[in-house]
Amino acid sequence: MLNPPLQNTASPQDQEPHDGLQKLLHWQHQRRERKLRGEYESALLRLSELVNHNIDAPFSITSVRVEGASNTRQSFLASLINPILNKPATTLGQVIHTTRSISDVLNRTDIFKSVEVRLERSTHDLAHHSDLDLVFKTREHGRYFLNTSTELGNNEGSASATARVRNVFGGAEVFEANIAAGTKTKKSFRATLSLPLTSTLDTRGEFIAYGLERDQTSYASCFEDLKGAKAVIRKGSSYTGLHEFAYEAAHRYIGSLAPTASLSMRAAAGSSIKSALSHTYTLDNRDDRILASRGLYFRFFQELAGGRLEIPVSSTSVSPSTGLSVGLGGDVGFYKAEVESQISRPITNSVSLSCSMRSGILLGLQDKSTLFSDRFQIGGPTSVRAFKVFGMGPRDSGDSLGGDIYYSFGLSCVTNIPRKPHWPVKSHIWLNAGQLDSLSQDNRLRWSLPPSLMRPSVSMGVGLIYRFDPIRLEVNFGVPLIANKSDAMRRGVQIGMGLEFL
């Protein structure tokens with residue numbers, strides 16, 4: 001403990017302060033840190049020299065131990081580590097490489113809060129002096145998590161409660177249950193069990209059960225109730241390319257019609273059962289998912305529901321061939337495809353240009369017409385701006401009926417606020433265009449494109465972007481330049497909140 005008055009012991013090279021207790025304590029703290037940092041760097045240098053000089057020295061691994069994994073199955077740890085050990089390590093360099101590989105796979109399980117490793121001389125009776133044991137000292141994450149929150153996204157607000165159990169069966173499984181109530185989605189629940197399917201952890205499986213009630217009276221004079229289950233297999237990562245294969249079975253019900261509901265919406269009311277297979281490919285190497293200034297985003301989605309495949313089967317040489325009909329079930333049949341892309345490029349240090357495109361098509365199968373629940377809806381502050389939410393495309397007495405084919409395009413020039421480049425607020429000038437319409441089906445194998453697709457609705461404007469992690473908030477002033485007769489326009493100020501913007 002230092003008590004004033006203090007004698008001056010400073011020398012010119014030390015730069016010791018002449019007066020002030022706090023200054024002196026701060027100076028001594030910095031000098032101690034410099035000494036420790038110098039000792040650490042010297043030790044690290046000596047260790048690196050020792051390793052480099054013995055990188056080809058003969059060493060081998062006799063055993064691997066993982067300490068602190070009390071809630072994790074030994075069989076699961078073995079399934080991760082054994083494939084790495086299948087390639088024998090015969091030198092110190094190979095031992096170090098194996099150690100790094102095991103540390104990496106343990107960290108990627110998301111089970112452990114920390115993973116530390118040390119190399120020890122093998123304690124086996126018959127061990128050679130060059131035999132080593134790898135010991136991984138780990139600390140597991142807490143298994144149980146409970147959270148309540150309010151959420152904003154895609155022009156919807158909600159309150160939710162989430163419960164999560166990590167490492168449920170000791171194999172990096174995660175069970176999560178969520179219940180929520182909101183402005184558009186009145187109530188919902190979702191339960192998910194996810195688990196790794198391969199030892200490399202690049203393939204995961206998910207089992208999902210869900211239910212929700214969605215208020216669609218703002219654009220379609222109805223409520224929609226969905227209940228279903230989904231099984232998903234994901235492989236890869238979004239940065240290098242993520243594939244998702246899924247099967248979904250869902251019951252949809254359109255009801256609680258408003259008194260002013262149109263005849264088209266009254267005809268769409270009722271229940272339907274969807275049984276569908278889908279595939280999604282996603283590539284995303286943008287530098288920022290919310291407000292990208294560089295990179296590429298691409299997503300392709302396709303779905304087949306209730307389709308039937310006729311397989312010819314020959315019985316005898318005398319009798320004619322018969323057919324075997326295979327289908328997915330359900331009472332709806334369609335093929336749906338959707339593509340979305342975005343390219344962002346910096347122009348200067350403070351200005352970037354972003355170009356986005358979305359397009360989709362929905363084809364009814366087996367002479368079945370498409371249903372309201374499956375059709376596309378576009379328009380609004382996160383889609384084609386300066387139009388009302390889902391206000392584009394076919395309408396009947398104020399109700400948006402959705403469409404079978406659409407495209408939309410967006411061009412945005414984003415700049416920093418002058419003299420405030422560090423602010424999370426940016427300004428932008430944007431141009432949007434798009435069109436949504438229904439396909440006319442002449443026969444089972446021929447669809448004709450509507451002429452309206454060649455006459456896109458166009459809007460432009462200016463606005464402010466606020467980065468409010470994990471969502472994006474936009475305040476825009478826009479005007480429609482070209483609009484179809486059925487489009488519901490929104491001139492003036494428009495506010496949008498969401499994750500994905502055109």
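1. Arg385 touches Gly380, His428, Trp430, Asn432, Ser459, Arg472, Glu474, Asn476, Gln494, Phe501 and Leu502, leaving out residues up to four places away in sequence; contact means heavy atoms within 4.5 Å. The residue lies in the loop between strand E16 (351-364) and strand E17 (395-396). Strands (E, at least two residues) and helices (H or I, at least four) are DSSP runs numbered from the N terminus.

2. This is a predicted model, in which local features need pLDDT of at least 70 and side-chain atom pairs count only at pLDDT 80 or more, while totals for chains, interfaces and linings use all residues. Residues are numbered from 1 along each chain as its sequence is written, and side-chain values use heavy atoms, with hydrogens and water left out.

3. Is Arg385 buried or exposed? Arg385 counts as buried because its relative accessibility is 1%; buried means under 20% relative accessible area, exposed over 50%, and partly exposed in between (1.4 Å probe, protein chains only). Its side chain makes a polar contact with the side chain of Glu474 at 3.0 Å. A polar contact is a pair of N or O atoms within 3.5 Å; within protein, one must be able to donate a hydrogen and the other to accept it, and residues adjacent in sequence count only if both atoms are side-chain atoms.

4. Arg358 is found in strand E16 and is buried, with a relative accessible area of 13%. Its side chain makes a polar contact with the side chain of Glu340 (3.4 Å) and reaches the backbone oxygen of Phe501 at 3.5 Å. Beyond its neighbours within four places in sequence, the contacts of Arg358 include Val339, Thr382, Tyr406, Glu500 and Leu502.

5. The structure holds four aromatic pairs. Rings of Phe, Tyr and Trp (its six-membered ring) pair if their centres lie within 6.5 Å; planes under 30 degrees apart count as stacked, over 60 as edge-to-face and the rest as tilted. Tyr281 and Phe298 form a tilted pair, 6.4 Å centre to centre with 55° between the planes. This pair links distant parts of the chain, with Tyr281 in strand E11 (residues 270-284) and Phe298 in strand E12 (residues 295-305), 17 residues apart. Tyr281 is partly exposed at 21%, and Phe298 is partly exposed at 29%.

6. The rings of Phe376 and Tyr406 also make a tilted pair, because their centres are 5.0 Å apart and their planes stand at 50°. Phe376 lies in the loop between E16 and E17 and Tyr406 in strand E19 (residues 405-416), so the pair ties together parts 30 residues apart in sequence. Phe376 is buried at 5% relative accessible area, and Tyr406 is buried at 4%.

7. Which charged end sits over the ring of Phe376? That of Lys336 does, 5.0 Å from the ring centre. The charged end of Arg472 sits over the ring of Phe501, 4.9 Å from its centre. A charge sits over a ring if NZ of Lys or CZ of Arg is within 6 Å of the ring centre and within 35 degrees of the ring normal.

8. The structure holds zero disulfides, a disulfide being a pair of cysteine sulfur atoms within 2.5 Å. Cys355 counts as partly exposed at 30% relative accessibility, and Cys413 as partly exposed at 25%.

9. For the protein as a whole, there are four helices and 25 strands. Of its 502 residues, 39% count as buried. Among contacts between residues at least 6 apart in sequence, 58% join residues at least 24 apart.
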